[in-house]
Amino acid sequence: AKSMENYVNKDVKEIRPSAIRDFDMQISSIPGLVKLTLGEPDFNVPEHVKQAAIRGIQANDSHYGPAAGKLELRKAVANYLKDTRNVDYNPEDEMLITNGGTEALTAITFSLLNPGDKVWVPTPVFSLYFPIITLTGAECIQVDTSADDFVLTPEKLQSELDQHGDVKMIILNYPCNPTGRAYPEDLLRKLGKILHDQNVLIVADEMYSELTYDQEHFSLATIYPEQTLLVSGLSKSHAMTGWRLGYIAGPSALISQIYKIHGFLVTCVNDIAQDAAIEALNNGRQDPDAFRAEYKKRRDYVVSRMEKMGFDIATPEGAFYVFAKIPAQFGNDDFNFALDLAKKAKVGVIPGSAFGAGGEGYIRISYAASDEKLAKAMDYIESYLDNLE
Ligand code: PLP
């Protein structure tokens, strides 16, 4: 009999399953584990958004819709982006409603990249980017930002440019998972100018744009709308991870191509989730405020506890993660450190290496968890480390 291996696509064989989910699964069965592993808001979907979905069910919104998404929703997204980014997107041909940010990013790389194309990915970052680039045969060039407190500087970008001419695309995530770093307007303007002058297509992953703590969110799409594909959605802003609602906004010449792959992948997005999203964007713009206030408190708490324990942290200014450097006396092996934390301290975190170059020697802690859970986790880590010393 033929080995099952022979039936599998050779490129798929090469890639590994999501390192984050993989590690999470590996430690999940440990009894008494306090899990701070996943990027999953612990809040519930706002009540008025739920009610809109229930009305959608009652109205038999249970059919295939347009592949690009309901026009009413595309209009709601366009209004939202006009008000928050000051960009005019035409809902008819400059926008797609996607199955979360994940499908948005996948549809983008699958429809735009050719084998041999070069793509810059500043790291450490959300690990989905790596397989969706390499599966197309394109080259993923990881740009390690760890020496610059996890932001891409214009100097670093320039030196990358000198090494690799002819880069087609950059995927930049801000605020960033896993580092929580946000990019201020003046920095984005400098980076944007270099990218614009070099004709590098910008994919701006702004999934966490509503969750910034120390500064207003600013978008590259505001300065270079004709060269930017803006990706965002409601997973984090409205605690709707399981509803799978994302979107892409950008130039119609690209959207019309991405539209084809998007249609083949998903046909269209869940009808009822779209009803909920219309409500969230039209009438729930203040919903993230309460989440933001709560997350900020937790960030301050976790950062201060971790720093007291000797972890080095570049201040997370957005999202809901702390990316902490393991104190030198405990070595540099983040995978083993995280495994020990899970088994012995009973706290689940993700090893930094899962997020690409520059993540080695770090752990990611998600503070999208209750105060009680966070306090317990911090106490556990502290007493575990105290006993090691
Ligand atoms: N982009 C970033 C930076 C993320 O952290 C995530 C989710 O964790 C996504 C995209 C995917 O979002 P969604 O759950 O909407 O697919």
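By buried I mean 20 or more other C-beta atoms within 10 Å of the residue's own, with exposed at 12 or fewer, partly exposed in between, and the C-beta atoms placed from the backbone. Strands here are DSSP runs of E with at least two residues, helices are runs of H or I with at least four, and both are numbered from the N terminus.

Before I go on, this is a predicted model, where local features need pLDDT of at least 70 and side-chain atom pairs count only at pLDDT 80 or more, while totals for chains, interfaces and linings use all residues. Residues are numbered from 1 along each chain as its sequence is written.

Back to the strand. In a regular strand the side chains alternate between the two faces of the sheet. Strand 6 covers residues 201-205, and five of its five residues are buried. Which way does strand 5 run relative to strand 6? They run parallel, with five bridges joining strand 5 (residues 169-173) to strand 6; two strands pair if DSSP finds at least two bridges between them. One of those links has Leu 172 partnered with Ala 204.

Now the ligand. It has 13 residues around it, and the closest are Gly 100, Gly 101, Thr 102, Asn 177 and Ser 235; near means a C-beta atom, placed from the backbone, within 6 Å. Helix 5 (residues 100-112) gives the largest share of that shell, three residues. By type, the shell has two nonpolar residues, 10 polar and one charged. For that count, Ala, Val, Leu, Ile, Met, Phe, Trp, Tyr, Cys and Pro are nonpolar, Asp, Glu, Lys and Arg are charged, and the others, Gly among them, are polar.

Next, helix 11, residues 271-283. Its 13 residues reach 19 Å from first C-alpha to last, close to the 18 Å expected, that being 1.5 Å times one less than the number of residues. Its buried residues include Ala 273, Ile 278 and Leu 281. What do the buried residues of helix 11 pack against? Helix 3 (47-58), helix 4 (71-85), strand 2 (95-98) and helix 12 (287-308).

Last stop, Leu 135, in the loop between helix 6 (129-134) and strand 4 (139-144). Leu 135 counts as partly exposed because it has 17 C-beta neighbours inside 10 Å. Leaving aside neighbours within four places in sequence, Leu 135 is in contact (C-beta atoms, placed from the backbone, within 7 Å) with Asp 11 and Ile 15. The C-alpha atoms of Leu 135 and Ile 15 are 8.3 Å apart, with 120 residues separating them along the chain.

Technical notes
Two residues are in contact if their C-beta atoms, placed from the backbone, lie within 7 Å.
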